[in-house]
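Subject: Structure for you to look at

Hi,

Here is the structure I promised to pass on. Please open it first; my notes follow below.

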Amino acid sequence: MEQIIGVTGDLFRTAANLLFLTAQGEDVEYEPGLFRDTVDWISRRSDMLLELMLEHLWLVILTLIIAVVISVTVGIIISYYESFAQTVLGVCQVLMVIPSMAMLAFMVPLFGIGFTTGVMALVLYSLLPIVRNTYTGIRELDPAIVEAAKGMGMTERRILFKIKIPLARPVIMAGVRTAAVMMIGIAAIAAYVGAGGLGELIFSGISRGHQPMIIAGAIGVSIIAIAFDYLLYYGEKRFSVEGRTKEG
Amino acid sequence: MAREIWKWLGIPLIMIAIAAVIVIYSVNNPTDSIVARMLTYERVFRVIREHMGLLLVSMTGAIIVGVAGGIMLSRPSLYRIGRVMETFVNIGQTVPSLAVLALFYTILGLGFNVAVFALFLYSILPILRNTFAGIDGVEHNIIEAARGMGMRPLRILTKIELPIAFPIIVAGIRTAIVINVGAATLATFIGGGGLGDLIVTGLSVHRDMIIVNGAVIAAVTAILLDYLIGKVEERVVRWA
């Protein structure tokens, strides 16, 4: 881990230096500007930036795993018990509408300040997109397919694992993508209650009035969010293509 | 009739009552002198007023600019720019709200106006996209038929395209409001005030009572607004 940070930090620093030089031009007098300050700051503190970035990713990925396990299970359960479904989805909807700052604030008296609080709030937030997509993914399946499986003598469990989940997978993936992108943004806010990550840069930058720090934090978070969005988008596409070729 | 009104106002009234009870209880029974000083009726009302100010100004602006911009971009002459805009809006929506507020702070400084401006720009995105997509999604045959009946472009827009796109536009406004209410609680970090003030104060003086009050009011405001917009949306969908 240390080595990875070291090597990537060096790369980062070289890239930043190159940028810095091109921005400076040849023998142009050094003029302090926001852009140059930021590049300068990033090149000096790239180690810290990377560490915070990894912390941010760790928070998001850990939460995502917990959230996927819980939400997919809940989604599958409510696809069997129709009467629960609307209530559960309604509760999830309300959870998602609550402002993230308020949700984190509710968690502080319960779990104190720190990583756990962030994880709890993020898990609650990501329930809706994944639960809803699992539920609709399973419900919208062609009933004929399920009937055929039943006719072949498959047990309910085999139908679930061999038919329903594989076919609903693209829809579930879409939900995971929505949840992941949302989580990256909320994880930045969770830094305020001590969950760590790039949000720390933004908050300490604001309280010190140190603009390069804020910009590095804000752009870092945005880049992570956009990158996740694209990566999961391609993942989604691959999954759906796979489903189609197996079917046809 | 009475039942109809209860159906609309029942849940909001119960939620407002719960929030009011919590606020009144905490103001009258503060756990210590710090809470007593930080949590007063004046402060709570001021914070709510600021929050509503943030929401109203930014949302009104965003709805006007978003819908107008969406209509403009869906015209044939600007259609290409509209397509490009869709991509940019999708990327822009991926950027977290805290990052948007923080970036505006570095450019424009602290204050209520900066927060309103950032919220305004951030909530234009879903409205703009949905207006464009809604008008773009109107079937070509319908417009052809209207043109065949001798309708002018302006009449086609107001009589055909906008009514058909209306539910989608309202859905965009709902998304924008939910995002905006959430982001408005973050305005406190760049000096915009609002309900985030209470939460942040509570966190920094370690008094759970203040935190819970701020969080409850913020949550109730958000749920109420979403509920009301949801009802309006239902109406609109039924009507369309």
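**What I found**

Chain B reads α-α-α-α-α-α-α-α-α-α from its N terminus. That is 10 helices and 0 strands. Bear in mind that this is a predicted model.

Confidence first. The average pLDDT of chain B is 88. A score of at least 70 is reached by 99% of its residues. For the complex, the predictor reports an ipTM of 0.84 and a pTM of 0.83.

Next, the overall form of chain B. The chain has 240 residues, and 39% of them are buried. Take the contacts in chain B between residues at least 6 apart in sequence: 75% of these link residues at least 24 apart.

Now the core. The largest nonpolar core holds 128 residues. Which of them touch the most other members? They are Met183(A), Ala190(A) and Leu101(B). Helix α8 of chain A, residues 156-190, supplies the largest share of this core, with 16 residues. Both domain 1 (1-44) and domain 2 (59-247) of chain A contribute at least three residues each.

Met183(A) deserves a look of its own.

Best wishes

Technical notes
Residues are numbered from 1 along each chain as its sequence is written. Chains are lettered from A and ligands numbered from 1 in the order in which they are written. This is a predicted model: local features need pLDDT of at least 70, side-chain atom pairs count only at pLDDT 80 or more; totals for chains, interfaces and linings use all residues. Helices (H or I, at least four residues) and strands (E, at least two) are DSSP runs, numbered from the N terminus. A residue is buried if 20 or more other C-beta atoms lie within 10 Å of its own, exposed if 12 or fewer, and partly exposed in between; C-beta atoms are placed from the backbone. Two residues are in contact if their C-beta atoms, placed from the backbone, lie within 7 Å. A nonpolar core is a set of buried Ala, Val, Leu, Ile, Met, Phe, Trp, Tyr and Cys residues joined through C-beta atoms within 7 Å. Domain bounds come from an automatic or database domain assignment. pLDDT is the predictor's confidence in each residue, from 0 to 100.
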